[in-house]
Amino acid sequence: MKNRFLASLALAAMIAAPATAADLPYKAPPPLAEAYYDWSGAYVGLNVGGTHYNVTHHFPSPGAVTPDVTTGDHDAIFGIHAGAQWQWGAWVLGAELARSGCSHECRSTSSVLPVAQGFEENIFGEHKIIDLFTAGARLGYAWDRLLVFATGGFASAHIDVILGVEYQHFDVGAARAFCVNPGCVVPAVRDFDLSATGDIVRARLTIKTHGYGFGPPAGVGG
């Protein structure tokens, strides 16, 4: 209100004294700095989308004759995410944690496995991804209220609601999933590892604080 009142007074003075305006030197006020959206702050949100994935069943022990079994499918995926980010000019750097789950446990099933390759009769493989946890850094570039970012790796009371779309590729490296002998001390041909890869496209609804409460909200220059 103070800025509006001063502007009204200046305008009124210019209208009331047109005859003397030419005699007085006048310097145009500097243009107001353009305010940009500030992406700095902590945030938490929900996401939902779809994923296509592949899970590989690998028998690593010497002497194993059974081939790798890979199954794949697609499923709906949903989760939560939280993080923090800081903006310097147009660049935005942050870190994020996310936990996701599939509506049908991301199940995938093979056809009947061939007996000639070491499998028992009428055996098929079924895999599922029960829980997916990701953690990593984020680097983005902002055009005012549009933020494009890449991610990777393993008191101000102002609240902003942000809608976004994200594509993410995940690769869960192979790890021992089953051993015939306790502790996997003696390798057996039935020991196997599991690994998984997938691609996710999801919509994100995020609630973000405006900065970190070290002062009043401020715009960020381009």
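Analyst: The count comes to 1 disulfide, taking a disulfide as a pair of cysteine sulfur atoms within 2.5 Å. This is a predicted model, in which local features need pLDDT of at least 70 and side-chain atom pairs count only at pLDDT 80 or more, while totals for chains, interfaces and linings use all residues. Residues are numbered from 1 along each chain as its sequence is written, and side-chain values use heavy atoms, with hydrogens and water left out.

The bond joins Cys102 to Cys106, with an S to S distance of 1.7 Å. The torsion about this S-S bond is about -50 degrees, so the disulfide is left-handed. Cys102 and Cys106 are both buried (under 20% relative accessible area; exposed is over 50%, partly exposed in between; 1.4 Å probe, protein chains only).

Glu105 lies in the loop between strand 3 (91-102) and strand 4 (108-112); strands are DSSP runs of E, at least two residues, numbered from the N terminus. Its phi is near 60 degrees, a positive value in a residue other than glycine. Glu105 counts as partly exposed because its relative accessibility is 27%.

Both cysteines also belong to the largest nonpolar core, which has 10 residues, including Tyr53, Ile77, Phe170 and Ile200. Such a core is a set of buried Ala, Val, Leu, Ile, Met, Phe, Trp, Tyr and Cys residues joined through side-chain atoms within 4.5 Å. Strand 1 (41-58) and strand 9 (192-209) each supply at least two of its residues. Leaving aside neighbours within four places in sequence, Ile77 is in contact (heavy atoms within 4.5 Å) with residues including Cys102 and Ile200.

Technical notes. Helix = DSSP H or I, 4+ residues; strand = E, 2+ residues; numbered from the N terminus.
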